[in-house]
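Thank you all for coming. I would like to walk through one structure with you this morning, beginning with the overall layout and then moving to a few places in detail.

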Amino acid sequence: MQGDDPAAVAQAAEQARLLLARHRAGRETRRAAAGLVLIEACPAVPHLVIVGGGELAELLTTQAQVLGWQATVAYAAGDVRTLLADRPAAACLIVLSHEPDLDIPALHTALTAGIPYVGALGSRRTQARRAEALTKAGITEEQLRRIHGPIGLDIGARTPAETALAICAEVLAALGRS
């Protein structure tokens, strides 16, 4: 767009940022003084950072592979911090653990780093306990509202495999809205 109107260049750049923010590949064209401008977005592949193990973690990892995503299971707060920092725009935190020494630091890190999807498994009572601990740790109400919990879209999931599907569906929906 050499020699083009600076406003047209800025508009094309903004359109590219919007495409990337949706975490979806996309292609659009815009008219400019010099002709058509192609804007193509190739966002990073989502990376599920799963806190805690078990059958559901294994099924989430499998579901992520089916979707062409990446998934890593973490068992220590330091590992979670490292994984989230490696690719913050692509990372999605999924907390399956019910251990406050692991859950609270992981959620705090994700919320303060602006990770695009933060979800936590657990009952409403568990969610309330986490919210109280996170508030004491300096997390704002606005940041707390970013936590998806109980985690997963309400699709009537009954089995761990169905729950993994519901969680990945919620991640996909959330990334499409961000």
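When I speak of helices and strands, I mean DSSP runs, with helices being H or I over at least four residues and strands being E over at least two, numbered from the N terminus. With that in hand, the protein chain reads α-β-β-β-α-β-α-β-α-β-α-α-β-α along the sequence, and there are seven helices and seven strands in it. Please keep in mind that this is a predicted model, in which local features need pLDDT of at least 70 and side-chain atom pairs count only at pLDDT 80 or more, while totals for chains, interfaces and linings use all residues. Residues are numbered from 1 along each chain as its sequence is written, and side-chain values use heavy atoms, with hydrogens and water left out.

On overall dimensions, the C-alpha trace of the protein chain spans about 60 × 35 × 30 Å along its principal axes. Of the 178 residues, 39% count as buried, where buried means under 20% relative accessible area, exposed over 50%, and partly exposed in between, with a 1.4 Å probe and protein chains only. If we take contact to mean heavy atoms within 4.5 Å, then among contacts with a separation of 6 or more, 59% are between residues 24 or more positions apart.

Let me turn to how the helices pack, starting with α3 (residues 77–86) and α4, whose axes come within 9 Å and cross at roughly 20 degrees. Axes here are lines fitted to C-alpha atoms, for helices over the stretch in contact, and angles run from 0 to 180 degrees between N-to-C directions. Angles under 35 degrees count as roughly parallel, over 145 as roughly antiparallel, 65 to 115 as roughly perpendicular and the rest as oblique, and α3 and α4 are therefore roughly parallel to each other. The contact is made by Ala 77, Val 80, Arg 81 and Leu 84 of α3 together with Leu 102, Pro 105, Ala 106, Thr 109 and Ala 110 of α4.

The next pair is α2 (residues 55–66) and α7 (residues 160–177), with axes that come within 9 Å and cross at roughly 55 degrees, which makes α2 oblique to α7. Their contact residues divide into ten nonpolar, two polar and one charged, where Ala, Val, Leu, Ile, Met, Phe, Trp, Tyr, Cys and Pro count as nonpolar, Asp, Glu, Lys and Arg as charged, and the others, Gly among them, as polar.

Helix α4 (residues 100–113) also packs with α5 (residues 124–136), at an angle of about 65 degrees and with the axes 10 Å apart. By class, this contact of α4 with α5 has six nonpolar, one polar and three charged residues.

Leaving aside neighbours within four places in sequence, His 47 is in contact with several residues, including Gln 70, Leu 83, Arg 87 and Cys 92. Glu 132, by comparison, is found in helix α5 and counts as partly exposed, at 48% relative accessibility.

Finally, a point about the backbone. Most peptide bonds are trans. The one from Gly 149 to Pro 150, however, is cis, with omega near -5 degrees, and Pro 150 has its place in the loop between β7 (147–148) and α7.
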